[in-house]
Amino acid sequence: PAKTETTQPAPEAKQEAAKPAEATPAQEQADYNKLLEWNASQAQAQMAAQQKLQSDLTAAVQAKDEKKIEEAIKTFNKTVEDTIASLDKLDITAPSVKSIKDQNKEVLALSSELLVDQLNLATKAPTEEQTKAYQAKVEKLQAAVAKLQKDGADLAQKFAPAAPAAPAAK
């Protein structure tokens, strides 16, 4: 049961008020680099998992095999859980980067939930309530993705002047 909140751009003041960053610029840069490396390493795996899900589902739907559809979804969800677990293992302390990490987790979890809902709606006749709940999740995911993109871009902008591998020059 997710909190229902009206989707509006997050007030900028709220981000500023989030605990004053205790992390040094060097720590923040290091954390940011860790997250970038993680993203790069996961991109390939995520793409492969989605492609596998699509091919498994196509085969299962053509065979009209409910069990295979459920197995394909379970396999995909396990991949998402593993991805979130690997993200959790990243030791990130800088609040600005931790915020992006947490948003990544939310987007991954929501995407996975939506996929399952979408498949359930596609294979069964949904009620109006189910359709509305699905639409609400879609909007929540879109808002989460938009915020992640904006915050991620802000952070990228912050670190753009510094070459990723360059140590702080102080």
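**Entry 1**

I started with D31, which counts as buried because its relative accessibility is 0%. The model is a predicted one, so I kept that in mind while reading side chains. Where does the side chain of D31 go? I found it meeting the side chain of K34 in a salt bridge, 3.6 Å from N to O. Both residues belong to helix α2 and sit 3 residues apart, about one turn of the helix. K34 has 28% relative accessibility and therefore counts as partly exposed, whereas D31 is buried.

**Entry 1: D31 again, now facing α4**

I then looked up what α2 packs against, and D31 turned up among the residues that meet α4. Helix α2 covers residues 25-62 and helix α4 residues 95-123. Their axes lie 10 Å apart, at an angle of about 10°. How do the two helices run relative to each other? Angles under 35 degrees count as roughly parallel, so α2 and α4 are roughly parallel to each other.

I listed the contact from both sides. From α2 I noted, among others, Y32, L35, W38, L53 and L57; from α4 the list includes V97, I100, L108, L115 and L119. Sorted by class, this contact has 10 nonpolar, 4 polar and 3 charged residues.

I searched the whole structure for salt bridges and got 11.

Next I checked D88 and K105, whose side chains meet in a salt bridge at 2.6 Å, N to O. D88 lies in helix α3 (residues 66-89) and K105 in helix α4, so this pair ties together parts that are 17 residues apart in sequence. D88, at 39% relative accessibility, counts as partly exposed, and K105 is partly exposed too, with a relative accessible area of 25%. I also noted a network: salt bridges with shared partners join E113, D117 and K137.

Last, I looked at helix α5, residues 128-159. Does its span fall in line with expectation or out of line? At 1.5 Å a residue, its 32 residues should span 46 Å, and the end C-alpha atoms are 46 Å apart, which agrees. Which residues of α5 are buried? I wrote down Y134, V138, L141, A144, L148, D151, L155 and F159.

Methods:
Residues numbered from 1 in each chain as written. Predicted model: local features only at pLDDT ≥ 70, side-chain atom pairs only at ≥ 80, totals over all residues. Heavy atoms only, no water. Axes fitted to C-alpha atoms, helices over the stretch in contact; angles between N-to-C directions. Helix = DSSP H or I, 4+ residues; strand = E, 2+ residues; numbered from the N terminus. Parallel < 35°, antiparallel > 145°, perpendicular 65-115°, else oblique. Contact = heavy atoms within 4.5 Å. Nonpolar A, V, L, I, M, F, W, Y, C, P; charged D, E, K, R; others polar. Expected span 1.5 Å × (residues − 1). Buried < 20%, exposed > 50% of the residue type's maximum accessible area, 1.4 Å probe, protein only. Salt bridge = Lys/Arg side-chain N within 4 Å of Asp/Glu carboxyl O.
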